Amino acid sequence: MLNNTFKIGLDPVTLENADDKQGEILEKAKKANGMIPNMYSNMVNLPGLQETYDKGYHSFRQESGFTPAEQEVVLLTISVANSCNYCTAAHS
(Lines give C-alpha, C1' and ligand atoms only; values in the text may rest on other atoms or scores of the structure.)
Protein backbone atom coordinates (compact mmCIF):
# COMPACT_ATOMS: atom_id res chain seq x y z
CA MET A 1 0.00 0.00 0.00
CA LEU A 2 1.27 3.42 -0.94
CA ASN A 3 1.50 5.79 2.00
CA ASN A 4 1.32 9.37 0.78
CA THR A 5 1.66 11.90 3.56
CA PHE A 6 0.57 15.40 2.77
CA LYS A 7 1.72 18.38 4.74
CA ILE A 8 -0.90 20.89 5.74
CA GLY A 9 0.44 24.37 6.34
CA LEU A 10 3.35 26.49 5.31
CA ASP A 11 6.90 26.61 6.61
CA PRO A 12 7.90 29.67 8.61
CA VAL A 13 9.73 32.31 6.60
CA THR A 14 13.13 33.51 7.80
CA LEU A 15 15.25 36.40 6.61
CA GLU A 16 17.43 33.82 4.88
CA ASN A 17 14.63 32.32 2.75
CA ALA A 18 12.33 35.34 2.38
CA ASP A 19 11.57 36.92 -0.96
CA ASP A 20 12.00 40.69 -1.28
CA LYS A 21 8.52 41.61 0.03
CA GLN A 22 8.67 39.13 2.91
CA GLY A 23 12.17 40.27 3.81
CA GLU A 24 11.06 43.90 3.94
CA ILE A 25 8.20 43.00 6.30
CA LEU A 26 10.39 40.82 8.53
CA GLU A 27 13.13 43.48 8.75
CA LYS A 28 10.51 46.02 9.80
CA ALA A 29 9.21 43.62 12.47
CA LYS A 30 12.73 42.95 13.72
CA LYS A 31 13.47 46.66 13.96
CA ALA A 32 10.21 47.33 15.84
CA ASN A 33 10.41 44.35 18.22
CA GLY A 34 14.10 43.57 18.48
CA MET A 35 13.27 40.12 17.10
CA ILE A 36 10.87 38.46 14.69
CA PRO A 37 7.87 36.97 16.52
CA ASN A 38 7.00 33.42 15.42
CA MET A 39 3.54 34.45 14.29
CA TYR A 40 5.12 36.98 11.91
CA SER A 41 7.31 34.26 10.40
CA ASN A 42 4.18 32.32 9.59
CA MET A 43 1.82 35.11 8.55
CA VAL A 44 4.40 36.60 6.17
CA ASN A 45 3.90 33.56 3.91
CA LEU A 46 1.02 35.73 2.71
CA PRO A 47 2.45 39.26 2.84
CA GLY A 48 -1.00 40.83 2.49
CA LEU A 49 -2.10 39.01 5.65
CA GLN A 50 0.87 40.33 7.61
CA GLU A 51 0.35 43.86 6.29
CA THR A 52 -3.35 43.73 7.21
CA TYR A 53 -2.49 42.53 10.73
CA ASP A 54 0.08 45.31 11.13
CA LYS A 55 -2.36 47.97 9.93
CA GLY A 56 -5.11 46.79 12.28
CA TYR A 57 -2.73 46.51 15.23
CA HIS A 58 -1.29 49.97 14.71
CA SER A 59 -4.74 51.51 14.16
CA PHE A 60 -5.93 49.94 17.42
CA ARG A 61 -2.88 51.29 19.26
CA GLN A 62 -3.23 54.81 17.83
CA GLU A 63 -6.98 55.29 17.46
CA SER A 64 -8.78 53.09 20.01
CA GLY A 65 -9.13 55.80 22.62
CA PHE A 66 -7.85 53.36 25.24
CA THR A 67 -4.83 54.12 27.38
CA PRO A 68 -1.79 51.87 26.79
CA ALA A 69 -2.67 49.91 29.95
CA GLU A 70 -6.27 49.43 28.76
CA GLN A 71 -5.00 48.31 25.35
CA GLU A 72 -2.88 45.64 27.03
CA VAL A 73 -5.94 44.42 28.97
CA VAL A 74 -7.86 44.07 25.70
CA LEU A 75 -4.97 42.21 24.01
CA LEU A 76 -4.43 40.03 27.09
CA THR A 77 -8.12 39.13 27.20
CA ILE A 78 -8.04 38.14 23.53
CA SER A 79 -4.88 36.09 24.12
CA VAL A 80 -6.44 34.19 27.03
CA ALA A 81 -9.69 33.63 25.12
CA ASN A 82 -7.66 32.17 22.23
CA SER A 83 -5.54 30.02 24.60
CA CYS A 84 -2.36 31.54 23.17
CA ASN A 85 0.34 31.19 25.84
CA TYR A 86 2.84 33.13 23.74
CA CYS A 87 0.58 36.18 23.39
CA THR A 88 -0.65 35.89 26.97
CA ALA A 89 2.95 36.11 28.16
CA ALA A 90 3.74 38.94 25.73
CA HIS A 91 0.83 41.07 26.96
CA SER A 92 1.23 40.28 30.69
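The legends below go with a set of close-up views of one predicted model. Residues are numbered from 1 along each chain as its sequence is written, and side-chain values use heavy atoms, with hydrogens and water left out. Since you're looking at a prediction, local features need pLDDT of at least 70 and side-chain atom pairs count only at pLDDT 80 or more, while totals for chains, interfaces and linings use all residues.

**View 1. Glutamate 51 and lysine 21 meet in a salt bridge.**
A search of the whole structure turns up two salt bridges (a side-chain nitrogen of Lys or Arg within 4 Å of a carboxyl oxygen of Asp or Glu). In this one, N and O are 2.7 Å apart. Glutamate 51 sits in helix α3 (residues 47-63) and lysine 21 in helix α1 (residues 20-33), so the pair ties together parts that are 30 residues apart in sequence. Helices here are DSSP runs (H or I, at least four residues), as are strands (E, at least two), numbered from the N terminus. Glutamate 51 has a relative accessible area of 35%, so it counts as partly exposed, and lysine 21 is also partly exposed at 35%. For these labels, buried means under 20% relative accessible area, exposed means over 50%, and partly exposed is in between (1.4 Å probe, protein chains only).

**View 2. Glutamate 72 and arginine 61 form a salt bridge.**
Here the N to O distance is 2.4 Å. Glutamate 72 belongs to helix α4 (residues 68-81) and arginine 61 to helix α3, so to speak distant parts of the chain, eleven residues apart. Glutamate 72 is partly exposed at 24%, and arginine 61 is partly exposed at 24% too.

**View 3. Leu10, Leu46 and Leu49 make a nonpolar surface patch.**
The patch covers about 300 Å². Patches are built from residues with over 30% relative accessible area and no salt bridge, joining like charges within 9 Å and nonpolar side chains (Val, Leu, Ile, Met, Phe, Trp, Tyr) within 5 Å. The areas come from the Shrake-Rupley method with a 1.4 Å probe, and for residues only the protein chains shown count as cover. Leucine 49 lies in helix α3 and is partly exposed, with a relative accessible area of 43%.

**View 4. The largest pocket holds about 540 Å³ of space.**
Of its 25 lining residues, the closest to the centre are Met39, Tyr40, Tyr53, Tyr57 and His91. Two or more lining residues come from each of α1, α2 (38-43), α3, α4 and α5 (85-90). Helix α3 gives the most, with six. On a 1 Å grid over the protein atoms alone, a pocket is an open set of points where a 1.4 Å probe fits, with protein on both sides within 12 Å along at least five of seven lines; lining residues have an atom within 4 Å of a point. Points are joined across faces, edges and corners, and the volume is the space filled by probe spheres set on them.

**View 5. Cysteine 87 is buried in helix α5.**
Its relative accessible area is 18%. Cysteine 87 and leucine 75 are twelve residues apart in sequence and 8.2 Å apart in space, C-alpha to C-alpha.

**View 6. Serine 83 has a positive phi.**
Look in the loop between α4 and α5. Serine 83 isn't a glycine, yet its phi is about 55°. Most residues other than glycine have a negative phi. Serine 83 is exposed, at 62% relative accessible area.
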